[in-house]
Amino acid sequence: MKSFEITTRSGSKSIPVGQGHPLLLLAGPCALETGELGWQVAKEMKEICERLGISYVFKASFDKANRTSLDAFRGPGLRNGLRQLDRIRQEVEIPVVSDVHETAQMDLAADALDIIQIPAFLCRQTDLLVAAAKTGKTVNLKKGQFLSPWDMKHAVRKLRAAGCDRILLTERGASFGYNNLVVDMRSLPVMRSFDCPVIFDATHSVQLPGGMGGSSGGQREFIPTLTRAAMAAGIDGLFMEVHPDPDKALCDGPNSIPLNEVEALLKQLLVIREAVEKLGDVT
């Protein structure tokens, strides 16, 4: 399984990811609600990860273009959102990742972000993948809820053919009937076989898409269970939506983990990771 270094925007620091390297964590609120909330989460998460020896990247969306309802909160938008992310990157001194939905957004996004994320619903959009690859950035490619893990090799080939050799693959569950997702842990080793570090999305995996009528629901009480299982199966990183008060979050609150619960869970996961390493598995 391939390892590589994520080059940060400043060029002064890189983050190794993959076999033999520290756990990578992409975490933050679903969408940027306010600059101050994003800054708060980024600062506290950075401190937690430094204590635990985890590589941290702040995540938040500048625009959630695939909301269930027309009236749903989407975020501050492209230019304002990227300015907020750039401020967090500079002031907290951490790399940042956000999802890009259109090829027209790619150049501006690449100027502000360290990692370009391709949303699950768009993981087969060839033009978007090619545009992301041509930025020269690391690309986090989320597996669509509608795809098998082995089908993701085609999306990986698109990125590589366009010149991207730093690819993260993220598992976020598969559609299981209506308004429900299920995680097949077999997908983790399957996607690792494509020579890409694999990330487990701990919070979208407990989402109930459209489960609240005009918005998605979630079962955040199952985040620890699924995340422990994924860590035991073998992963290289985690993706988490983190909020100081998920019940008041403007986006994806039901499947977000409270900020004050993150450190205890991460400590558990590192114990499991150490045990898996001792058993000789690749992590």
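Modeller: Let us begin with pairing: two strands pair if DSSP finds at least two bridges between them. Strands themselves are DSSP runs (E, at least two residues), as helices are (H or I, at least four), and both are numbered from the N terminus. The model is a predicted one, in which local features need pLDDT of at least 70 and side-chain atom pairs count only at pLDDT 80 or more, while totals for chains, interfaces and linings use all residues. Residues are numbered from 1 along each chain as its sequence is written, and side-chain values use heavy atoms, with hydrogens and water left out.

Colleague: What makes strand β11 (residues 198-201) and β14 a pair?

Modeller: Three bridges join them in the parallel sense, against the required at least two. Within β14, Leu238 is the bridge partner of Phe200.

Colleague: Which sense does the pairing of strand β3 (residues 24-28) with β14 have, and over how many bridges?

Modeller: β3 and β14 pair in the parallel sense over five bridges, and Ala27 stands opposite Met240 in β14. Strand β15 (residues 257-258) also runs parallel to β14, with two bridges; here Val242 stands opposite Ile257.

Colleague: Why is strand β14 (residues 237-243) called largely enclosed?

Modeller: Buried means under 20% relative accessible area (exposed is over 50%, partly exposed in between; 1.4 Å probe, protein chains only). Seven of the seven residues of β14 are buried, so the strand is largely enclosed by the rest of the structure. In a regular strand the side chains alternate between the two faces of the sheet. Both faces of β14 are covered, with Gly237, Phe239, Glu241 and His243 on one side and Leu238, Met240 and Val242 on the other.

Colleague: What makes a set of residues a nonpolar core?

Modeller: The members must be buried Ala, Val, Leu, Ile, Met, Phe, Trp, Tyr or Cys residues, joined through side-chain atoms within 4.5 Å. The largest such core has 68 residues, and Leu25, Met45, Phe58, Leu238, Met240 and Leu266 touch the most other members. Helix α1 gives the most to this core, with seven residues. A second, separate core of twelve residues includes Phe4, Ile15, Ile115 and Phe239.

Colleague: Which residues is Met45 in contact with, leaving aside its neighbours within four places in sequence?

Modeller: Contact means heavy atoms within 4.5 Å. On that basis Met45 is in contact with Leu25, Ala27, Tyr56, Val242, Leu259 and Val262.
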